[in-house]
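Here's a quick briefing to read alongside the model. Have the sequence and the 3D view open, and we'll go through it topic by topic.

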Amino acid sequence: MSGTERKVPPTARIAEFPETAAEQARWWEGHILEVLHGLPLDGSEGAVPRPEFDPRRNSLAERERVKAAELTAAGHPVTASGIKQRR
């Protein structure tokens, strides 16, 4: 799957939001795509998912929990249900 296939369809509506909100949305996009597909938006061609985000090995709920723990540990507190809501 190439990066363009995993990308959320572009929309002109993001231009309607303040730049800070648009940046935040783009930041979340990469994390949510990793939860959904196993690879972040900037994953290189031929990259494989980290084991904890591999959709063949882990359920979506498990990947949401892992992402929540990862972001919380990095100083961005969020719950698994918060990841699900953003997804």
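Which residues does Pro55 touch, not counting residues up to four places away in sequence? Pro55 touches Leu36, His37, Gly38, Pro49 and Arg63, where a contact means heavy atoms within 4.5 Å.

Before going further, a word on the ground rules. This is a predicted model, so local features need pLDDT of at least 70 and side-chain atom pairs count only at pLDDT 80 or more, while totals for chains, interfaces and linings use all residues. Residues are numbered from 1 along each chain as its sequence is written, and side-chain values use heavy atoms, with hydrogens and water left out.

**Overall picture**

- The protein chain has four helices and zero strands; helices (H or I, at least four residues) and strands (E, at least two) are DSSP runs, numbered from the N terminus.
- Going along the sequence, you get the pattern α-α-α-α.
- Of the 87 residues in the protein chain, 28% are buried. Buried means under 20% relative accessible area, exposed means over 50%, and partly exposed is in between, with a 1.4 Å probe and protein chains only.
- Take the contacts between residues at least 6 apart in sequence: 39% of them join residues at least 24 apart.

**How H2 meets H3**

- Helix H2 (residues 19-37) and helix H3 (residues 60-73) have axes that come within 9 Å and cross at roughly 140 degrees. Those axes are lines fitted to C-alpha atoms, for helices over the stretch in contact, and angles run from 0 to 180 degrees between N-to-C directions.
- That angle makes H2 and H3 oblique to each other. The cut-offs are under 35 degrees for roughly parallel, over 145 for roughly antiparallel and 65 to 115 for roughly perpendicular, with the rest called oblique.
- The crossing of H2 past H3 is right-handed, meaning that the near helix is turned clockwise from the far one by less than a right angle.
- On the H2 side, the contact is made by Trp27, Trp28, His31, Glu34, Val35 and Leu36. H3 brings Leu60, Arg63, Glu64, Lys67, Glu70 and Leu71.
- Sorted by class, this contact has six nonpolar, one polar and five charged residues. Here Ala, Val, Leu, Ile, Met, Phe, Trp, Tyr, Cys and Pro count as nonpolar, Asp, Glu, Lys and Arg as charged, and the others, Gly among them, as polar.

**Salt bridges**

- There are nine salt bridges in the structure; each needs a side-chain nitrogen of Lys or Arg within 4 Å of a carboxyl oxygen of Asp or Glu.
- Glu34 pairs with Arg50 in a salt bridge at 2.9 Å, N to O. This one links distant parts of the chain, with Glu34 in helix H2 and Arg50 in the loop between H2 and H3, 16 residues apart.
- Glu19 bridges to Arg26, with the closest N and O atoms 2.8 Å apart. Glu19 is partly exposed at 47%, and Arg26 is partly exposed at 39%.
- Glu16 and Arg13 join side chains in a salt bridge at 3.5 Å, N to O. Glu16 is exposed, at 57% relative accessible area.

**Prolines and a glycine**

- Pro55 sits in the loop between H2 and H3 and is partly exposed at 34% relative accessibility.
- Gly82 lies in helix H4 (residues 80-86) and is buried at 5% relative accessibility. Gly82 and Arg65 are 17 residues apart in sequence, and their C-alpha atoms are 9.8 Å apart.
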